[in-house]
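Please keep the sequence and the model in view while reading.

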Amino acid sequence: MNEKLKEAYERLDLPVDITREELNKKFDLHLKRRRSNSSEGEATAYEEEFLAYKTILDGLDQQEIQEAEDKRLEKWGAFSGIARKSENFFRLYKVHTFLSIIVLLALIFGGNALYNQYQAKKYEASLPPVDVHIMFLGNYESQDPSGKNEELKQEIINRYPTWKRVKTDVVYLPSTGGTGGGTLDMTYLQRAMAMLAAERPDILILDDATFDWIGQQEGLKNLEPYVKSAGLPLDDIRLKRIKNTENGEEWITGVDITDTKFATDLPIHSRKMIIGVFGEGDGKNKSTDFIEFLAGQMTAK
(Lines give C-alpha, C1' and ligand atoms only; values in the text may rest on other atoms or scores of the structure.)
Protein backbone atom coordinates (compact mmCIF):
# COMPACT_ATOMS: atom_id res chain seq x y z
CA MET A 1 0.00 0.00 0.00
CA ASN A 2 1.43 3.40 -0.94
CA GLU A 3 1.73 6.25 1.56
CA LYS A 4 -1.07 8.31 0.02
CA LEU A 5 -3.58 5.48 0.29
CA LYS A 6 -2.48 4.72 3.85
CA GLU A 7 -3.06 8.36 4.84
CA ALA A 8 -6.56 8.25 3.30
CA TYR A 9 -7.56 5.28 5.47
CA GLU A 10 -6.18 7.01 8.56
CA ARG A 11 -7.95 10.27 7.68
CA LEU A 12 -11.34 8.52 7.58
CA ASP A 13 -10.48 6.11 10.41
CA LEU A 14 -11.33 3.14 8.23
CA PRO A 15 -9.89 -0.40 8.28
CA VAL A 16 -7.77 -1.30 5.26
CA ASP A 17 -9.93 -4.36 4.62
CA ILE A 18 -13.16 -2.37 4.26
CA THR A 19 -15.39 -3.59 1.45
CA ARG A 20 -16.65 -1.42 -1.36
CA GLU A 21 -20.21 -1.73 -0.02
CA GLU A 22 -19.20 -0.53 3.45
CA LEU A 23 -17.17 2.30 1.93
CA ASN A 24 -20.20 3.47 -0.11
CA LYS A 25 -22.30 3.62 3.09
CA LYS A 26 -19.63 5.72 4.80
CA PHE A 27 -19.50 8.01 1.78
CA ASP A 28 -23.29 8.52 1.85
CA LEU A 29 -23.04 9.57 5.52
CA HIS A 30 -20.27 11.96 4.57
CA LEU A 31 -22.49 13.63 1.98
CA LYS A 32 -25.39 13.96 4.42
CA ARG A 33 -23.17 15.61 7.05
CA ARG A 34 -21.86 18.02 4.46
CA ARG A 35 -25.35 19.13 3.45
CA SER A 36 -26.30 19.82 7.08
CA ASN A 37 -23.06 21.68 7.93
CA SER A 38 -22.06 24.43 5.56
CA SER A 39 -19.59 26.58 7.49
CA GLU A 40 -16.37 27.44 5.65
CA GLY A 41 -14.09 25.54 8.00
CA GLU A 42 -16.24 22.42 7.96
CA ALA A 43 -16.57 22.61 4.17
CA THR A 44 -12.80 22.49 3.87
CA ALA A 45 -12.61 19.46 6.14
CA TYR A 46 -15.30 17.68 4.16
CA GLU A 47 -13.44 18.40 0.93
CA GLU A 48 -10.36 16.70 2.36
CA GLU A 49 -12.46 13.73 3.44
CA PHE A 50 -14.04 13.56 -0.01
CA LEU A 51 -10.57 13.38 -1.59
CA ALA A 52 -9.66 10.62 0.87
CA TYR A 53 -12.73 8.61 -0.16
CA LYS A 54 -11.79 9.06 -3.81
CA THR A 55 -8.24 7.87 -3.15
CA ILE A 56 -9.57 4.71 -1.42
CA LEU A 57 -12.06 4.05 -4.27
CA ASP A 58 -9.25 4.38 -6.81
CA GLY A 59 -7.21 1.96 -4.70
CA LEU A 60 -10.06 -0.57 -4.65
CA ASP A 61 -10.44 -0.25 -8.44
CA GLN A 62 -6.74 -0.89 -8.91
CA GLN A 63 -6.91 -3.83 -6.50
CA GLU A 64 -9.77 -5.43 -8.44
CA ILE A 65 -7.90 -4.96 -11.71
CA GLN A 66 -4.81 -6.53 -10.15
CA GLU A 67 -6.81 -9.51 -8.84
CA ALA A 68 -8.40 -10.05 -12.25
CA GLU A 69 -4.98 -9.92 -13.88
CA ASP A 70 -3.56 -12.38 -11.33
CA LYS A 71 -6.39 -14.77 -12.10
CA ARG A 72 -5.82 -14.44 -15.85
CA LEU A 73 -2.12 -15.16 -15.46
CA GLU A 74 -2.62 -18.21 -13.21
CA LYS A 75 -2.32 -20.45 -16.29
CA TRP A 76 1.35 -19.50 -16.56
CA GLY A 77 2.11 -20.93 -13.13
CA ALA A 78 5.67 -20.19 -12.05
CA PHE A 79 6.15 -18.08 -15.18
CA SER A 80 3.29 -15.68 -14.40
CA GLY A 81 5.74 -13.01 -13.25
CA ILE A 82 7.62 -13.15 -16.54
CA ALA A 83 4.33 -13.04 -18.49
CA ARG A 84 3.23 -9.98 -16.50
CA LYS A 85 6.51 -8.16 -17.15
CA SER A 86 6.29 -8.96 -20.86
CA GLU A 87 2.76 -7.63 -21.06
CA ASN A 88 3.68 -4.49 -19.15
CA PHE A 89 6.65 -3.92 -21.42
CA PHE A 90 4.59 -4.14 -24.59
CA ARG A 91 1.79 -2.12 -23.03
CA LEU A 92 4.19 0.68 -22.12
CA TYR A 93 6.30 0.56 -25.25
CA LYS A 94 3.87 -0.67 -27.89
CA VAL A 95 3.54 2.83 -29.35
CA HIS A 96 7.31 3.25 -29.45
CA THR A 97 7.69 -0.22 -30.90
CA PHE A 98 5.01 0.41 -33.52
CA LEU A 99 6.59 3.72 -34.51
CA SER A 100 10.01 2.10 -34.67
CA ILE A 101 8.66 -0.56 -37.01
CA ILE A 102 7.08 2.11 -39.22
CA VAL A 103 10.35 4.07 -39.31
CA LEU A 104 12.28 0.91 -40.13
CA LEU A 105 9.89 -0.01 -42.94
CA ALA A 106 10.04 3.55 -44.26
CA LEU A 107 13.83 3.38 -44.30
CA ILE A 108 13.77 0.01 -46.07
CA PHE A 109 11.22 0.96 -48.71
CA GLY A 110 12.51 4.53 -49.01
CA GLY A 111 16.04 3.30 -49.46
CA ASN A 112 14.85 0.75 -52.00
CA ALA A 113 12.96 3.45 -53.89
CA LEU A 114 16.03 5.71 -53.93
CA TYR A 115 18.17 2.83 -55.15
CA ASN A 116 15.68 2.01 -57.91
CA GLN A 117 15.55 5.68 -58.87
CA TYR A 118 19.34 5.79 -59.01
CA GLN A 119 19.43 2.66 -61.18
CA ALA A 120 16.75 4.11 -63.46
CA LYS A 121 18.72 7.34 -63.90
CA LYS A 122 21.90 5.37 -64.48
CA TYR A 123 20.16 3.29 -67.15
CA GLU A 124 18.64 6.43 -68.70
CA ALA A 125 22.07 8.02 -68.92
CA SER A 126 23.44 4.96 -70.73
CA LEU A 127 20.84 5.24 -73.50
CA PRO A 128 21.29 7.29 -76.68
CA PRO A 129 19.52 10.68 -76.74
CA VAL A 130 15.88 10.79 -77.83
CA ASP A 131 15.65 11.49 -81.56
CA VAL A 132 11.98 12.48 -81.65
CA HIS A 133 8.92 12.53 -79.46
CA ILE A 134 5.86 11.02 -81.16
CA MET A 135 2.36 11.46 -79.74
CA PHE A 136 -0.52 9.30 -80.97
CA LEU A 137 -3.50 11.57 -80.34
CA GLY A 138 -6.99 10.39 -81.13
CA ASN A 139 -9.02 7.20 -81.03
CA TYR A 140 -5.92 5.11 -80.25
CA GLU A 141 -5.34 2.54 -77.56
CA SER A 142 -1.99 1.17 -76.49
CA GLN A 143 -1.48 -2.57 -76.58
CA ASP A 144 0.89 -2.31 -73.63
CA PRO A 145 -1.05 -2.44 -70.31
CA SER A 146 1.96 -0.95 -68.50
CA GLY A 147 1.73 2.21 -70.59
CA LYS A 148 5.45 2.17 -71.38
CA ASN A 149 4.87 1.23 -75.05
CA GLU A 150 8.26 -0.48 -75.30
CA GLU A 151 7.14 -2.76 -78.17
CA LEU A 152 5.74 0.24 -80.06
CA LYS A 153 8.98 2.20 -79.62
CA GLN A 154 11.11 -0.72 -80.78
CA GLU A 155 8.92 -1.39 -83.79
CA ILE A 156 9.14 2.27 -84.86
CA ILE A 157 12.95 2.08 -84.68
CA ASN A 158 12.96 -1.23 -86.59
CA ARG A 159 10.94 0.37 -89.38
CA TYR A 160 12.98 3.58 -89.44
CA PRO A 161 16.52 2.61 -88.33
CA THR A 162 17.79 6.19 -88.73
CA TRP A 163 16.42 6.75 -85.26
CA LYS A 164 18.07 5.07 -82.30
CA ARG A 165 15.61 6.09 -79.63
CA VAL A 166 12.10 7.56 -79.60
CA LYS A 167 9.68 8.72 -76.95
CA THR A 168 6.01 7.87 -77.45
CA ASP A 169 2.75 8.91 -75.84
CA VAL A 170 -0.65 7.42 -76.61
CA VAL A 171 -3.38 9.90 -75.69
CA TYR A 172 -6.91 8.55 -76.08
CA LEU A 173 -9.25 11.15 -77.58
CA PRO A 174 -12.54 9.55 -78.72
CA SER A 175 -15.04 11.15 -81.07
CA THR A 176 -18.76 10.62 -81.67
CA GLY A 177 -20.84 10.96 -84.80
CA GLY A 178 -19.46 8.46 -87.26
CA THR A 179 -16.39 6.62 -88.47
CA GLY A 180 -13.37 8.80 -89.02
CA GLY A 181 -14.98 12.05 -87.92
CA GLY A 182 -17.50 13.49 -85.54
CA THR A 183 -17.31 15.56 -82.39
CA LEU A 184 -14.50 15.14 -79.88
CA ASP A 185 -15.39 14.35 -76.29
CA MET A 186 -14.90 17.56 -74.28
CA THR A 187 -13.54 15.86 -71.15
CA TYR A 188 -10.85 14.03 -73.12
CA LEU A 189 -10.25 17.14 -75.22
CA GLN A 190 -9.25 19.18 -72.17
CA ARG A 191 -6.83 16.43 -71.12
CA ALA A 192 -5.36 16.32 -74.64
CA MET A 193 -4.82 20.09 -74.64
CA ALA A 194 -3.01 19.82 -71.33
CA MET A 195 -0.82 16.98 -72.65
CA LEU A 196 0.06 18.93 -75.80
CA ALA A 197 0.99 22.02 -73.80
CA ALA A 198 3.09 20.06 -71.33
CA GLU A 199 4.82 17.58 -73.67
CA ARG A 200 5.23 19.57 -76.92
CA PRO A 201 5.82 16.48 -79.10
CA ASP A 202 7.77 16.70 -82.37
CA ILE A 203 5.42 14.50 -84.37
CA LEU A 204 1.69 13.98 -84.07
CA ILE A 205 -0.15 10.95 -85.45
CA LEU A 206 -3.87 11.71 -85.58
CA ASP A 207 -7.23 10.38 -86.71
CA ASP A 208 -9.57 12.47 -88.90
CA ALA A 209 -11.48 14.22 -86.10
CA THR A 210 -8.32 15.08 -84.18
CA PHE A 211 -6.59 16.35 -87.34
CA ASP A 212 -9.50 18.72 -88.03
CA TRP A 213 -9.31 19.99 -84.43
CA ILE A 214 -5.52 20.42 -84.41
CA GLY A 215 -5.70 22.23 -87.75
CA GLN A 216 -7.95 24.86 -86.23
CA GLN A 217 -5.21 25.58 -83.67
CA GLU A 218 -2.69 26.30 -86.46
CA GLY A 219 -0.04 24.24 -84.72
CA LEU A 220 0.97 22.00 -87.63
CA LYS A 221 3.95 22.63 -89.91
CA ASN A 222 3.59 23.08 -93.69
CA LEU A 223 4.83 19.78 -95.16
CA GLU A 224 4.58 20.66 -98.86
CA PRO A 225 8.36 21.11 -99.42
CA TYR A 226 9.14 17.70 -97.95
CA VAL A 227 6.35 15.89 -99.78
CA LYS A 228 7.44 17.51 -103.06
CA SER A 229 11.07 16.56 -102.34
CA ALA A 230 10.03 12.91 -102.02
CA GLY A 231 8.32 13.06 -105.44
CA LEU A 232 4.76 12.57 -104.19
CA PRO A 233 2.25 14.40 -106.42
CA LEU A 234 0.68 17.37 -104.65
CA ASP A 235 -2.78 16.27 -105.80
CA ASP A 236 -2.49 12.91 -103.98
CA ILE A 237 -5.70 12.36 -102.01
CA ARG A 238 -3.69 11.23 -99.01
CA LEU A 239 -2.37 14.73 -98.46
CA LYS A 240 -4.43 16.72 -95.94
CA ARG A 241 -4.75 20.48 -96.24
CA ILE A 242 -5.85 23.19 -93.85
CA LYS A 243 -6.30 26.85 -94.82
CA ASN A 244 -3.87 29.28 -93.26
CA THR A 245 -5.95 32.06 -91.73
CA GLU A 246 -3.13 34.62 -92.09
CA ASN A 247 -2.68 34.48 -95.87
CA GLY A 248 -5.63 32.33 -97.00
CA GLU A 249 -3.34 29.68 -98.53
CA GLU A 250 -3.97 25.98 -98.13
CA TRP A 251 -1.07 24.17 -96.52
CA ILE A 252 -0.33 20.48 -96.56
CA THR A 253 -0.19 19.86 -92.84
CA GLY A 254 -1.01 16.15 -92.74
CA VAL A 255 -0.22 12.98 -94.62
CA ASP A 256 -2.43 9.91 -94.38
CA ILE A 257 0.09 7.09 -93.80
CA THR A 258 -2.49 4.46 -92.80
CA ASP A 259 -1.60 2.10 -95.66
CA THR A 260 2.15 2.65 -95.69
CA LYS A 261 4.60 -0.12 -94.94
CA PHE A 262 5.65 1.80 -91.84
CA ALA A 263 2.17 2.05 -90.31
CA THR A 264 0.76 -1.35 -91.30
CA ASP A 265 0.45 -3.67 -88.30
CA LEU A 266 2.13 -1.17 -85.96
CA PRO A 267 1.44 -2.46 -82.41
CA ILE A 268 -1.29 0.03 -81.52
CA HIS A 269 -5.06 -0.18 -81.89
CA SER A 270 -5.98 2.29 -84.65
CA ARG A 271 -8.07 2.82 -87.80
CA LYS A 272 -6.54 5.94 -89.30
CA MET A 273 -3.07 7.50 -89.05
CA ILE A 274 -2.50 11.04 -90.28
CA ILE A 275 0.96 12.32 -89.52
CA GLY A 276 1.84 15.94 -88.87
CA VAL A 277 4.81 17.83 -87.51
CA PHE A 278 4.05 19.91 -84.47
CA GLY A 279 6.14 23.06 -84.48
CA GLU A 280 7.14 26.20 -86.31
CA GLY A 281 9.81 27.21 -88.79
CA ASP A 282 10.74 25.94 -92.23
CA GLY A 283 14.08 24.29 -91.43
CA LYS A 284 14.62 20.60 -91.98
CA ASN A 285 15.03 18.36 -88.98
CA LYS A 286 14.60 14.73 -87.95
CA SER A 287 10.82 15.05 -88.10
CA THR A 288 10.68 16.42 -91.66
CA ASP A 289 13.27 13.84 -92.80
CA PHE A 290 10.83 11.22 -91.54
CA ILE A 291 8.01 12.82 -93.56
CA GLU A 292 10.16 12.53 -96.71
CA PHE A 293 10.85 8.89 -95.86
CA LEU A 294 7.12 8.10 -95.54
CA ALA A 295 6.21 10.07 -98.67
CA GLY A 296 8.86 8.04 -100.46
CA GLN A 297 7.11 4.82 -99.37
CA MET A 298 3.84 6.20 -100.73
CA THR A 299 5.51 7.12 -104.03
CA ALA A 300 6.93 3.61 -104.35
CA LYS A 301 3.39 2.25 -104.45
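Which residue forms a salt bridge with D131? K286 does, and the closest N and O atoms of the two are 2.7 Å apart; a salt bridge is taken here as a side-chain nitrogen of Lys or Arg within 4 Å of a carboxyl oxygen of Asp or Glu. Because K286 lies in helix α9 (residues 286–300) and D131 in the loop between α4 and β1, the pair ties together parts that are 155 residues apart in sequence. K286 is partly exposed at a relative accessible area of 41%, whereas D131, at 16%, counts as buried; buried means under 20% relative accessible area, exposed over 50%, and partly exposed in between, with a 1.4 Å probe and protein chains only.

The model is a predicted one, in which local features need pLDDT of at least 70 and side-chain atom pairs count only at pLDDT 80 or more, while totals for chains, interfaces and linings use all residues. Residues are numbered from 1 along each chain as its sequence is written, and side-chain values use heavy atoms, with hydrogens and water left out.

**Overall composition**

The protein contains nine helices and 10 strands, where helices (H or I, at least four residues) and strands (E, at least two) are DSSP runs numbered from the N terminus. Of its 301 residues, 33% are buried. The accessible surface comes to about 19,200 Å², and 54% of that belongs to carbon and sulfur atoms; the areas come from the Shrake-Rupley method with a 1.4 Å probe, and for residues only the protein chains shown count as cover. Among contacts (heavy atoms within 4.5 Å) between residues at least 6 apart in sequence, 66% join residues at least 24 apart.

**The sheet and its helices**

β10 (residues 274–277) pairs in the antiparallel sense with β6 over four bridges and with β8 over two bridges. In these pairings, I203 stands opposite V277, and D256 stands opposite I274.

**Salt bridges**

The count of salt bridges comes to nine, and the table gives three of them.

| Pair | N to O distance |
|---|---|
| R20 and D61 | 2.7 Å |
| K286 and D131 | 2.7 Å |
| D256 and K272 | 3.0 Å |

D256 lies in strand β8 and K272 in the loop between β9 (268–269) and β10, so this pair ties together parts that are 16 residues apart in sequence. D256 is buried at 10% relative accessibility, while K272 is partly exposed at 26%. Since R20 lies in helix α2 (residues 20–36) and D61 in helix α3 (residues 40–72), that pair ties together parts 41 residues apart in sequence. R20 is partly exposed, with a relative accessible area of 29%, and D61 is also partly exposed, at 34%.

**Backbone and surface details**

D13 has a positive phi of about 55° although it is not a glycine; this residue is found in the loop between α1 (3–12) and α2 and counts as exposed at 70% relative accessibility. N149, in the loop between β2 (141–142) and α5, likewise has a positive phi, near 55°, but N149 is buried at 5%.

I101, L104, L105, I108 and F109 make a nonpolar surface patch of about 500 Å², and L104 is placed in helix α4 (residues 80–126). Patches are made of residues with over 30% relative accessible area and no salt bridge, like charges being joined within 9 Å and nonpolar side chains (Val, Leu, Ile, Met, Phe, Trp, Tyr) within 5 Å.

Technical notes. Pairing = 2+ DSSP bridges.
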